[in-house]
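Try each task on your own before reading the solution.

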Amino acid sequence: MSALFNFQSLLSVVLLMICTCTYIRSFAPSLLDRQKTGPVGTFWKMARIGERKSPWVAAACILMAVNVLFFS
């Protein structure tokens with residue numbers, strides 16, 4: 001089943017994208033800062049969410065990991 005049709009998979013993909021974009025921006029900020037608009041700008045926006053809401057994103061990642069490991 002596609003991640004678009006399964007809500008748990010969609011949440012996992014979004015959380016992983018936020019974490020990945022934040023990680024990439026911490027090492028190479030010029031990659032994501034060049035294009036802040038358009039479809040590629042979505043990655044910049046995800047990196048900003050990961051930076052500003054990092055305790056909440058970390059808590060969501062932990063909850064998702066527990067859910068996948070023990071309740072799937």
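**Exercise 1: charged partners**

Glutamate 51 has a relative accessible area of 32%, so it counts as partly exposed. Keep in mind that you're looking at a predicted model.

Task: Find out which side chains form salt bridges with glutamate 51.

Solution: 
- Step 1. Start with arginine 25: its side chain and that of glutamate 51 meet in a salt bridge, at 2.5 Å from N to O. This pair links distant parts of the chain, with arginine 25 in helix H1 and glutamate 51 in helix H3, 26 residues apart.
- Step 2. Now look at arginine 48, which also forms a salt bridge with glutamate 51; the closest N and O atoms are 3.4 Å apart. Because these two are 3 residues apart in helix H3, about one helical turn separates them.

**Exercise 2: follow the network**

Task: Is arginine 25 buried or exposed, and what does it touch?

Solution: 
- Step 1. Check the cut-off: buried means under 20% relative accessible area. Arginine 25 has 15%, so it's buried.
- Step 2. List its contacts. Leaving out residues up to four places away in sequence, arginine 25 touches Leu32, Asp33, Trp44, Ala47, Arg48 and Glu51.
- Step 3. Pick out aspartate 33, which forms a salt bridge with arginine 25, the closest N and O atoms being 3.0 Å apart. Aspartate 33 is partly exposed, at 26% relative accessibility.
- Step 4. Arginine 48 is partly exposed too, at 24%. The whole structure has 3 salt bridges.

**Exercise 3: the packing of H3**

Solution: 
- Step 1. Locate H3 at residues 41-52; its 12 residues reach 17 Å from first C-alpha to last, close to the expected 16 Å.

**Exercise 4: a nonpolar patch**

Solution: 
- Step 1. Leucine 69 sits in helix H4, residues 54-71. UniProt's unreviewed entry lists 54-71 as a transmembrane region, along with 6-24.
- Step 2. Leucine 69 is exposed, with a relative accessible area of 63%.
- Step 3. Together with Ile62, Val66, Phe70 and Phe71, Leu69 makes a nonpolar surface patch of about 600 Å².

Methods:
Residues are numbered from 1 along each chain as its sequence is written. This is a predicted model: local features need pLDDT of at least 70, side-chain atom pairs count only at pLDDT 80 or more; totals for chains, interfaces and linings use all residues. Side-chain values use heavy atoms; hydrogens and water are left out. Patches are made of residues with over 30% relative accessible area and no salt bridge: like charges are joined within 9 Å, nonpolar side chains (Val, Leu, Ile, Met, Phe, Trp, Tyr) within 5 Å. Accessible areas come from the Shrake-Rupley method with a 1.4 Å probe; for residues, only the protein chains shown count as cover. A salt bridge is a side-chain nitrogen of Lys or Arg within 4 Å of a carboxyl oxygen of Asp or Glu. Helices (H or I, at least four residues) and strands (E, at least two) are DSSP runs, numbered from the N terminus. Buried means under 20% relative accessible area, exposed over 50%, partly exposed in between (1.4 Å probe, protein chains only). UniProt positions are given in the numbering used here, feature names are shortened, and annotations may be inferred rather than shown by experiment. The expected span of a helix is 1.5 Å times one less than its number of residues. Contact means heavy atoms within 4.5 Å.
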